[in-house]
Amino acid sequence: MLKCRTVWRKLAPLAKCSSTLCRQNVRRTGLNNGRTPVCVPAARMSTGPVGGGGDNLKYALLVGAVSAGGLLYAVVTMKSDQRRYKERMEELSTRPQKTSITEQTQSEPPAVPEDQPAAAPSIEETSSPAEAEAPKEETAPEVTDTPPADEPVLEVSPEEAAAAVPVVEEEPLVSSEPPPSELSEPPPVVESVVLAEPAAAEPPAAEPPEPQPEVLVESVVDSTPVSLKLPSHAPYLLIGGGTASFAAARSIRARDPGAKVLIVTDEPDLPYMRPPLSKELWFSDDPAVTETLRFKQWNGKERSIYFQPPSFYIRPEDLEGAENGGVAVLNNRKVVYMDVRGNKVKLDDDTEISYDKCLIATGGIPRNLQVIERAGEDVMKKTTLFRKIEDFKSLDKVSRNVKSVTIIGGGFLGSELACALGRRSTESGLEVIQMFPEKGNMGKVLPEYLSNWTTEKVKTEGVKVLTEALVKSVNCKDDKLEIRLKDGRVVTTDHIVAAVGLEPNVDLAKSAGLEVDSDFGGYRVNAELQARSNIWVAGDAACFYDIRLGRRRVEHHDHAVVSGRLAGENMTGASKPYWHQSMFWSDLGPDVGYEAIGIVDSSLPTVGVFAKATAKDTPKAATEKSGTGIRSESETEDTAVSPVASDTPSPAAEHKDDFGKGVIFYLRDKVVVGIILWNVFNRMPIARKIIKDGEEHADLNEVAKLFNIHED
């Protein structure tokens, strides 16, 4: 009826307008007839065909047509309104039934204190079915705006307020608490409601909601982006979680006890030392070594590969508020963009962190052979690129479940892993194969005679060594890997370990505008390890200027320790140059080991002085004095002193193939630029001073006496 009245009000002016026109025409006709009474008699105005009566008939027909059309439109409109009204009422009548069904499943009494905790589990029930329809979504903004006690929230959802009145009366009868109306909202609205409930202390049922809101708030916190927890600013930002970063953090805190240091790393672990991953861990008798990551050193002492326990660090979200500062580690995050001008970085989750001073210690990425990369996914699944803790765990598991492992590479890492797995082969029958393009193990570092001797030593460890082996192709056949060499040899194995070098990680160079050295790779820095006024680089990724040996890039643990320490000092204002000659060491089992310093390249002229080894000349004895398996940590603390030559005369030369212990000097322009101490330990400060002096020596046999290699 309301629609009919509306239609009639719209049509009434039209009808009135038509009748008014008729009356006006009548008046005009009468006036015309009065002026010319001879033409048309007044009695024939509306009935006769003569004169102006035809116009009145047209107006009458027009009025009738309009009235009929309006009446027809009113009837059609009324019928459609009735049909939509019935459909709307049927839809609204089904709502109380649905809510009553969901509330019955909760099996809770209608008591007010117990309804609210029982209503919380219905979030999952009401959000999963198809009840979250458009009418309910319309009420979402009003639930958050209105107080919890205003239950007639559903009155606003229908367009006709009158139709929703009976529904509103039924819902409060089922439950007088606000949660039932709120629980029907979509999940995003539930989160906002849960967070708003603690602020509303009006309902007396504050005790029952305690268990349920706690769970909901925890889920909301877990689902929020981690960027909300992270500090937006770090005075000292260290990119990379390796040895160099930890050494820098420790140095920064030593000079600035209140410093706030944030380490960002893409690894899931806290800073740890990498050398034991290819050395001592493989010789552990603990079957759970892959979980504990603890090992016994050659001197029998046990330690963990982690530099510090978790209690040493603070949480990243607590860094800004830490009164005394601290070191925080942000795991599983990678810096993908660096804004040097704005002094900020962007993480892989789009989080931005600003900094005052920054250290780049991103390390390197293991190289792989192109023939393996092109071989396909099946070959890659059976290939290990050894670098991290997860790689150690994976290779340990593989070596216990397969029959054959092939190591490609004859450098430090490849030779160490070959000896480690070779020891295991005697117990489990594992076949260990090592292949490389050189003529002997570590052929790029050791002189040829010593490289050949080392190769024979590796063979005695149970390793099958293939020299001068260039890989041509790798295929996967019958769940086996077939390695075809360029000389026609074919090797069949179950798993491959690629140990062919390290590629410095310089991903940030482009965004940061930092220079990458074209010869050695890595970020190009000055003698103070500085790339920009407030950016330093340390570790494997730094191509630094050695004040004695020129520009270099070193990939060893001791360099990471020393360069990280120096970078940390310079970040706090020390401005010290990198004059230290870092060392590195490698152990081929517990009986053979060596330490090296400077430039050790087999292409340089060498002079070797050897003596017969004793029981004390082993890696085991090397740790007895220092008390640590990481020899560089103690050696780098020592200061070079003027060595005193031994008075013991050089004994007669032993068998030429017996290289028990000795010193190898690497020369460039008759000046010693590198030294290897073969089974000679705890003498590195002497070697460091010889290189630092940079003098020519007429007789290197006399220089070798400084290391006391002829003493028993």
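Predicted model: local features only at pLDDT ≥ 70, side-chain atom pairs only at ≥ 80, totals over all residues.

Author: Let's begin with burial: a residue is buried under 20% relative accessible area, exposed over 50%, and partly exposed in between, using a 1.4 Å probe and protein chains only. In this chain of 712 residues, 46% count as buried.

Reader: How many helices and strands does the chain have?

Author: Both are DSSP runs numbered from the N terminus: helices are H or I with at least four residues, and strands are E with at least two. Here the chain has 23 helices and 28 strands.

Reader: Which residues does UniProt mark as a "transmembrane region"?

Author: UniProt positions are given in the numbering used here, with feature names shortened, and annotations may be inferred rather than shown by experiment. The unreviewed UniProt entry places this feature at residues 59–78. In the model, that stretch is 100% helix and 0% strand, with its end C-alpha atoms 29 Å apart.

Reader: Where is Thr265 found, and is Thr265 buried or exposed?

Author: Thr265 sits in the loop between β2 (260–264) and α12 (289–292). Thr265 counts as buried because its relative accessibility is 3%.

Reader: What is Thr265 in contact with?

Author: Contact means heavy atoms within 4.5 Å. Setting aside neighbours within four places in sequence, the partners of Thr265 include Gly240, Gly241, Val329 and Arg333. For the chain, among contacts with a separation of 6 or more, 68% are between residues 24 or more positions apart.

Reader: How many salt bridges are there?

Author: Side chains of opposite charge can pair when their charged atoms come close. A salt bridge is a side-chain nitrogen of Lys or Arg within 4 Å of a carboxyl oxygen of Asp or Glu. By this rule, there are 28 salt bridges. One of them joins Arg294 and Glu302, whose closest N and O atoms are 3.2 Å apart. Arg294 is partly exposed at 34% relative accessibility, and Glu302 is partly exposed at 48%.

Reader: Which residues are linked in a network of salt bridges?

Author: Arg315, Glu317 and Asp318 are linked in this way. Glu317 and Arg315 pair at 3.5 Å, N to O, and Glu317 is partly exposed at 34%.

Key: Residues numbered from 1 in each chain as written. Heavy atoms only, no water.
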